[in-house]
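Subject: Structure for you to look at

Hello,

I am handing over the structure we discussed. Please look it over first; my notes follow below.

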Amino acid sequence: MASAPFKAQLTDLLNSMFAMDFLDEQFKELQMLEEASGPGFLTEVVTLFCGDAERIISQLDALLNEPAVDFGKVDANVHQLKGSSSSVGAKRVALVCIKFRNVCQENDKEGCIAALHEIRHEFDELRKKFQTMLQLEQQIQDLDSK
Amino acid sequence: MASYSGGKSNGGEGSSHQELHVLAVDDSLVDRKVITSLLRKSKYRVTAVDSGKRALELLDTEPNVNMIITDYSMPEMTGYELLKKVKESSELCQIPVVIMSSENVPTRINRCLEEGAEDFLLKPVQLSDVSRLCNRVLR
């Protein structure tokens, strides 16, 4: 089958994402839901998550650039990002969010800025892998439907 | 994921499984998508809204809601505040309300159960949580 090599690539990619803690068991729940909801569900959730995360990271950047940082708002945004990353199984992003909340609760601006850089790094890495995953899924779908 | 049960179940009124209607309330777009899919996989009709205010507006016009499942931490009106308003309403108080939260705070959980929540689920919510919950609350 023409899609076989792409399926092998996708399997390898996902295995490495789980092994390196980019993803956790919650992502497997979403994979099971896709089986019931039909193709497109995972794409939609991943796309929603990436858009949401990008928006929150931009807001955090703006909040931390204020002369007087509103740590309450920062915490609320990080809480939201932690929630959505946990819901999609984005383990490393969720873990950095926990660190971020700890420094935020100490009103540590420098700590928050450092945590934001780390979140940005983790999210960028994850997003690249998600993009590759979605491209492979699309290729598989296109080939299997022929 | 853990859940904390309390109170008696108040199910729908003899509706078939496929007609049971769940109102999901969460300000997170991602979480709304996930909880909706979890509930639909369990064959429930789902309406998802992004705030307690919208939930109350819908409950005002849509009488056939068999269960409300709401996030705890939401801006303007928390899930706890929504729970209180539902339980204080003579028209709505029989609808079972389930709270979801990403934070395991015992005082929060107890407060919700004492206010009449049917259950308290820790996020991320999984299919097994929803199946167990709906089997118990919606018969």
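**Contacts and layout of chain A**

This is a predicted model. Among the contacts in chain A between residues at least 6 apart in sequence, 67% join residues at least 24 apart. The chain has 6 helices and 0 strands, so its order from the N terminus reads α-α-α-α-α-α under the DSSP-based assignment. Along the principal axes, the C-alpha atoms of chain A fill a box of roughly 60 × 25 × 20 Å.

Chain A has 146 residues, and 45% of them count as buried. As for charge, chain A carries 24 negative and 15 positive side chains. The centres of these two sets lie 2 Å apart.

In chain B, strand β5 (residues 97–101) and β6(B) run parallel and are joined by 4 bridges. One residue of β6(B), B:L122, has B:S101 standing opposite.

What covers strand β6 (residues 119–122) of chain B, one face or both? Both faces are covered. B:D119 and B:L121 are buried on one side, and B:F120 and B:L122 are buried on the other. In a regular strand, side chains alternate between the two faces of the sheet.

Regards

Notes:
Residues are numbered from 1 along each chain as its sequence is written. Chains are lettered from A and ligands numbered from 1 in the order in which they are written. This is a predicted model: local features need pLDDT of at least 70, side-chain atom pairs count only at pLDDT 80 or more; totals for chains, interfaces and linings use all residues. Side-chain values use heavy atoms; hydrogens and water are left out. Helices (H or I, at least four residues) and strands (E, at least two) are DSSP runs, numbered from the N terminus. Buried means under 20% relative accessible area, exposed over 50%, partly exposed in between (1.4 Å probe, protein chains only). Contact means heavy atoms within 4.5 Å. Lys and Arg count as positive and Asp and Glu as negative; His and the chain ends are not counted. The place of a charge is taken as NZ of Lys, CZ of Arg, CG of Asp or CD of Glu. Two strands pair if DSSP finds at least two bridges between them.
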